[in-house]
Structures are given as C-alpha cells and as structure tokens.
Amino acid sequence: MEAKTTEWRPGPTVCRCCLAEGCYKDISTEYFWMGKREVYAEMLLETFDLNVSLFSFVSSLTWRPFYTIALILTGQIRDAIFYKHGQNAWCIFIWLCYIINNF
C-alpha cells in the first residue's frame, strides 16, 4: 500500500474550481439538464465573469489540459445563474412598475 502524500497534483480527477478529488465533469463539454443546454465554462463566465483557463501549469516547461469540475459545483452554478437571471428580471419588473406609475 502506497503512503498518501500531501503534495497536490493537478490532473483529470481534480476539480478546476475547488480542487476536490473524485466525481467530476468536463468543464467545456455540452451537457443537458432538464432540457436546458449547459456548458460549465460558459456558465462561470456569464455568472461570475470568470474566464477559466483550460490548461494547468504543471512544471516550468509543461502545461496540460485541465478540464474538470466537481459534480457538487454544477448544481451550485445552476443556482447562481438562476439567481442572477431572477434578479435581473425582478429589477426590470420594478423599473417597469415605476415607469408605468410615474408617466
């Protein structure tokens, strides 16, 4: 049995966002959830204005693909994007009510 190490090694089983190991999805692949298209890299950009690099620095001369996101975060990104869209819709509704009542 190999001894566990405390050294972190980026790889295909590590989340690009939270560095959790285990279950993950590809961050740039198109998925469908409840009939809606999801690309997690696009959702992060739209919601948080985060442009996630799809490559990771491994050593002074090496870069390698690093495309994973933890499954637990996919639901949280959905919640964040839903909240953002809901807030935008609520603000538009309030603004329209103000315009209608004052003009």
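Let's start with tyrosine 31, which is partly exposed because its relative accessible area is 22%. For that word, buried means under 20% relative accessible area, exposed means over 50%, and partly exposed is in between, with a 1.4 Å probe and protein chains only. Before I go on: this is a predicted model, where local features need pLDDT of at least 70, side-chain atom pairs count only at pLDDT 80 or more, and totals for chains, interfaces and linings use all residues. Residues are numbered from 1 along each chain as its sequence is written, and side-chain values use heavy atoms, with hydrogens and water left out.

So, what sits over the ring of tyrosine 31? That's the charged end of lysine 25, 4.6 Å from the ring centre. I say "over" if NZ of Lys or CZ of Arg is within 6 Å of the ring centre and within 35 degrees of the ring normal.

Now the aromatic pairs; the structure holds two of them. In one, the rings of tyrosine 31 and tyrosine 40 have centres 5.6 Å apart and planes at 35°, so we call the pair tilted. The rule takes rings of Phe, Tyr and Trp (its six-membered ring) with centres within 6.5 Å; planes under 30 degrees apart are stacked, over 60 edge-to-face, and the rest tilted. Tyrosine 40, at 0% relative accessibility, counts as buried.

The other pair is tryptophan 90 with phenylalanine 93: centres 5.5 Å apart, planes at 35°, so tilted again. Both lie in helix H2, three residues apart, about one turn of the helix. Phenylalanine 93 is partly exposed, at 44% relative accessible area.

Let me give you the layout. There are two helices and six strands, running β-β-β-α-β-β-β-α from the N terminus. These are DSSP runs numbered from the N terminus: helices are H or I with at least four residues, strands are E with at least two. Of the 103 residues in the protein, 23% are buried.

Next, glutamate 38, in strand S3. Is glutamate 38 buried or exposed? Buried, because its relative accessible area is 5%. Its side chain makes a polar contact with the side chain of tyrosine 40, at 2.9 Å, and another, at 2.5 Å, joins the side chains of glutamate 38 and arginine 78. A polar contact here is a pair of N or O atoms within 3.5 Å; within protein, one must be able to donate a hydrogen and the other to accept it, and residues adjacent in sequence count only if both atoms are side-chain atoms. Arginine 78 also has its charged end over the ring of tryptophan 33, 4.1 Å from the centre.

Those two turn up again in the largest pocket: its lining has 14 residues, and Lys36, Glu38, Met43, Arg78 and Ile81 lie nearest its centre. On a 1 Å grid over the protein atoms alone, a pocket is an open set of points with protein on both sides within 12 Å along at least five of seven lines, and lining residues have an atom within 4 Å of a point. Which element gives the most to that lining? H2, with five residues.

Most residues other than glycine have a negative phi. Methionine 34, though, has a positive phi of about 50°, in the loop between strand S2 (31-33) and S3. Aspartate 49 has phi near 60°, and its place is the loop between H1 and strand S4 (55-59).

Terms used. On a 1 Å grid over the protein atoms alone, a cavity is a set of points where a 1.4 Å probe fits but cannot get out, and a pocket is an open set with protein on both sides within 12 Å along at least five of seven lines; lining residues have an atom within 4 Å of a point.
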